[in-house]
Amino acid sequence: MFEDMLESSPGRRRHTSPWAFLISTTLQVIFVGVLILIPLLYTEAIDVQGFSSTWLAAPPPPPPPPPPPAAAQPVRRVRTTSLMDAGKLRAPKEIPREIVILKEEPIPQDTGVAGGVPGGVPGGQIGGVLGGVIGGVTGGVVPPPPRAETPSRIRVSSGVQEAKVLNRVQPSYPPLAKNARIQGTVVLEAIIAKDGSVQNLRVVEGHPMLVQSAVQAVQQWRYQPTILNNEPVEVETVINVVFKLY
């Protein structure tokens with residue numbers, strides 16, 4: 001019995017029929033062909049894509065919720081009522097909820113001073129009288145403004161004051177300066193008195209050999225008096241004395 005099962009046994013080997021091998025091979029080929037043809041014939045019945053997307057792919061996330069609607073801002077209506085009726089002020093029909101208090105600045109009052117002030121009216125009243133008239137009577141005349149105080153001394157340029165010279169004494173040329181051929185201008189500051197005479201001479205610049213002769217000559221000069229506000233005044237000016245050789 002065991003000798004027949006072993007292929008390498010020295011006993012007689014059993015030979016398989018070729019028809020049985022052919023039939024078995026044919027049946028196996030037919031069975032494999034049927035297994036291959038069945039899926040090809042029923043492809044529409046199986047949703048392979050839906051099957052794979054359903055079981056293999058994760059479901060998509062749900063869409064985000066829509067944003068909440070913007071809150072509408074409340075509209076505040078201000079009701080204004082006019083208290084004017086045909087150009088006349090009328091009483092309100094209802095009491096307002098809010099009352100605005102207006103603060104007016106006090107009007108400054110001129111209390112004046114004892115004895116009056118410049119530009120005031122003699123006999124007037126402190127603080128004035130509403131509806132009053134100037135001087136207390138109708139048709140009063142406004143008094144003229146006070147006259148400005150006239151200065152006692154003014155300063156005038158040398159060119160302007162030189163045109164007012166009434167008596168000009170020419171200085172004598174010093175002989176030493178003339179022989180030395182010295183020439184130039186002596187500058188003096190002076191005060192012209194109210195009567196036109198020259199006072200308070202002061203040397204500003206000039207050659208020493210020419211100064212003495214210039215001072216002696218200018219002291220004899222006479223000017224036209226300077227009038228300011230109908231009053232004579234002193235004048236402070238500069239006088240130039242020129243020494244020139246010809």
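**Reading the contacts around strand β9**

Modeller: Let us begin with a charged pair: Arg153 and Glu234 form a salt bridge in which the closest N and O atoms are 3.0 Å apart. Arg153 belongs to strand β3 and Glu234 to strand β9, so this pair ties together parts that lie 81 residues apart in sequence. Please keep in mind throughout that this is a predicted model.

Biologist: Are Arg153 and Glu234 buried, exposed or partly exposed?

Modeller: Arg153 counts as partly exposed, because its relative accessibility is 41%, and Glu234, with a relative accessible area of 22%, is partly exposed as well.

Biologist: Which bridge partner does Arg153 have in β9?

Modeller: The bridge partner of Arg153 in β9 is Glu234, the residue with which Arg153 also forms the salt bridge.

Biologist: In which sense does β9 pair with strand β5, and over how many bridges?

Modeller: Strand β5, residues 184-192, pairs with β9 in the antiparallel sense over 9 bridges, and within this pairing Glu189 has Val238 as its bridge partner in β9. The side chain of Glu189 also meets that of Arg202 in a salt bridge, at 2.5 Å from N to O. Since Arg202 lies in strand β6 (residues 198-205) and Glu189 in strand β5, the pair ties together parts that are 13 residues apart in sequence. Arg202 is partly exposed, with a relative accessible area of 46%, and Glu189, at 23%, counts as partly exposed too.

Biologist: How many residues lie between the strands in the hairpin of β8 and β9, and which residue there takes a positive phi?

Modeller: The hairpin has 2 residues between its strands, and Asn229 takes a positive phi near 55°. Strand β8, residues 226-228, runs antiparallel to β9 and is joined to it by 3 bridges, with Leu228 standing opposite Glu231.

Biologist: How should I read a pair of aromatic rings, and how many such pairs does a search of the whole structure find?

Modeller: Such a pair is described by the distance of the ring centres and the angle of the planes. A search of the whole structure finds 2 aromatic pairs. Tyr173 and Phe243 form one that is edge-to-face, at 5.6 Å centre to centre and with 90° between the planes. This pair links distant parts of the chain, for Tyr173 lies in the loop between β4 and α5 while Phe243 lies in strand β9, 70 residues apart. Phe243 counts as buried, at 3% relative accessibility. Trp221 and Tyr223 form an aromatic pair that is tilted, with 6.5 Å between the centres and 55° between the planes. Trp221 is buried at 6% relative accessibility, and Tyr223 is buried with a relative accessible area of 3%.

Biologist: What sits over the ring of Trp221?

Modeller: The charged end of Arg168 sits over that ring, 4.9 Å from its centre. Arg168 also forms a salt bridge with Glu162, with the closest N and O atoms 3.6 Å apart. Arg168 counts as partly exposed at 35% relative accessibility, as does Glu162 at 45%.

Biologist: Which residues form the nonpolar patch on the surface?

Modeller: The patch is formed by Trp19, Leu22, Ile23, Leu27, Ile30, Val34 and Ile38, which together have about 730 Å² of accessible area. Val34 lies in helix α2, residues 18-41, and counts as partly exposed, at 40% relative accessibility.

Note on methods. Residues are numbered from 1 along each chain as its sequence is written. This is a predicted model: local features need pLDDT of at least 70, side-chain atom pairs count only at pLDDT 80 or more; totals for chains, interfaces and linings use all residues. Side-chain values use heavy atoms; hydrogens and water are left out. Two strands pair if DSSP finds at least two bridges between them. Helices (H or I, at least four residues) and strands (E, at least two) are DSSP runs, numbered from the N terminus. Patches are made of residues with over 30% relative accessible area and no salt bridge: like charges are joined within 9 Å, nonpolar side chains (Val, Leu, Ile, Met, Phe, Trp, Tyr) within 5 Å. Accessible areas come from the Shrake-Rupley method with a 1.4 Å probe; for residues, only the protein chains shown count as cover. A salt bridge is a side-chain nitrogen of Lys or Arg within 4 Å of a carboxyl oxygen of Asp or Glu. Buried means under 20% relative accessible area, exposed over 50%, partly exposed in between (1.4 Å probe, protein chains only). Rings of Phe, Tyr and Trp (its six-membered ring) pair if their centres lie within 6.5 Å; planes under 30 degrees apart count as stacked, over 60 as edge-to-face and the rest as tilted. A charge sits over a ring if NZ of Lys or CZ of Arg is within 6 Å of the ring centre and within 35 degrees of the ring normal.
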